[in-house]
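Please keep the sequence and the model in view while reading.

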Amino acid sequence: RTACVTSCRIASQQPYRLRDLVGSALVVMGVVLMVLFAPQQPCVLTAARFYWLLWQPASIALLVLLGVLISLLAFLCPRYGHTHVLWNLSQASLIGSLTVMSSKA
């Protein structure tokens, strides 16, 4: 949602349209559903364990990849987002995946 608001208000001075609001609401609902209906894990995920898991090589690679993709899409969305909605949906999905990971901590 933040990317859409930033894109509409700051970057291009476009009005915040109804479809932007619907898209933002769908992203938020998707994140809420993912958190609510995620399977319960047998071990308790404490902050210390989350911190340990975060510094594993696979987690670092994932976070670097997500950072690169989000940055790339932040550059490409203003150019191609008005013709193909997939660019904006991809950016919202990547940011949403970070939100879900951080809400589990």
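What percentage of the 105 residues in the protein chain do buried residues make up? Buried residues make up 13% of them, where buried means under 20% relative accessible area, exposed means over 50%, and partly exposed lies in between, with a 1.4 Å probe and protein chains only. The model is a predicted one, in which local features need pLDDT of at least 70 and side-chain atom pairs count only at pLDDT 80 or more, whereas totals for chains, interfaces and linings use all residues. Residues are numbered from 1 along each chain as its sequence is written, and side-chain values use heavy atoms, with hydrogens and water left out.

The protein chain has 5 helices and 0 strands, these being DSSP runs numbered from the N terminus (H or I with at least four residues for helices, E with at least two for strands). From the N terminus on, the order of elements is α-α-α-α-α. The accessible surface of the chain, from the Shrake-Rupley method with a 1.4 Å probe and, for residues, only the protein chains shown as cover, comes to about 7,800 Å², and carbon and sulfur atoms account for 73% of it. Of the contacts (heavy atoms within 4.5 Å) between residues at least 6 apart in sequence, 44% join residues at least 24 apart.

Helix α2 covers residues 18-36, and its 19 residues should span 27 Å at 1.5 Å a residue, which agrees with the 27 Å between its end C-alpha atoms; the expected span is 1.5 Å times one less than the number of residues. The buried residues of α2 are Asp 20, Ser 24 and Val 31. They cover an arc of only 35° around the axis and therefore lie on the same side of α2, the arc being that of the directions from the helix axis to the C-beta atoms. On the face turned away from this buried side, α2 carries the exposed residues Leu 18, Arg 19, Leu 26 and Leu 36.

Leu 18 and Leu 26 also belong, with Leu 21, Val 22 and Met 29, to a nonpolar surface patch of about 500 Å².

| Residue | Relative accessible area | Class |
|---|---|---|
| Met 29 | 47% | partly exposed |
| Val 27 | 25% | partly exposed |
| Leu 89 | 48% | partly exposed |
| Gly 81 | 12% | buried |

Val 27 and Ala 92 are 65 residues apart along the chain, yet their C-alpha atoms are separated by 7.0 Å. Leu 89, which is found in helix α5 (residues 85-103), is 66 residues from Gly 23 in sequence and 8.3 Å from Gly 23 in space, C-alpha to C-alpha.

Gly 81 has its place in the loop between α4 (57-80) and α5. Neighbours within four places in sequence aside, Gly 81 is in contact with Leu 76, Trp 87 and Asn 88.

Notes: Patch = residues over 30% accessible without salt bridge, like charges linked within 9 Å, V, L, I, M, F, W, Y side chains within 5 Å. Salt bridge = Lys/Arg side-chain N within 4 Å of Asp/Glu carboxyl O.
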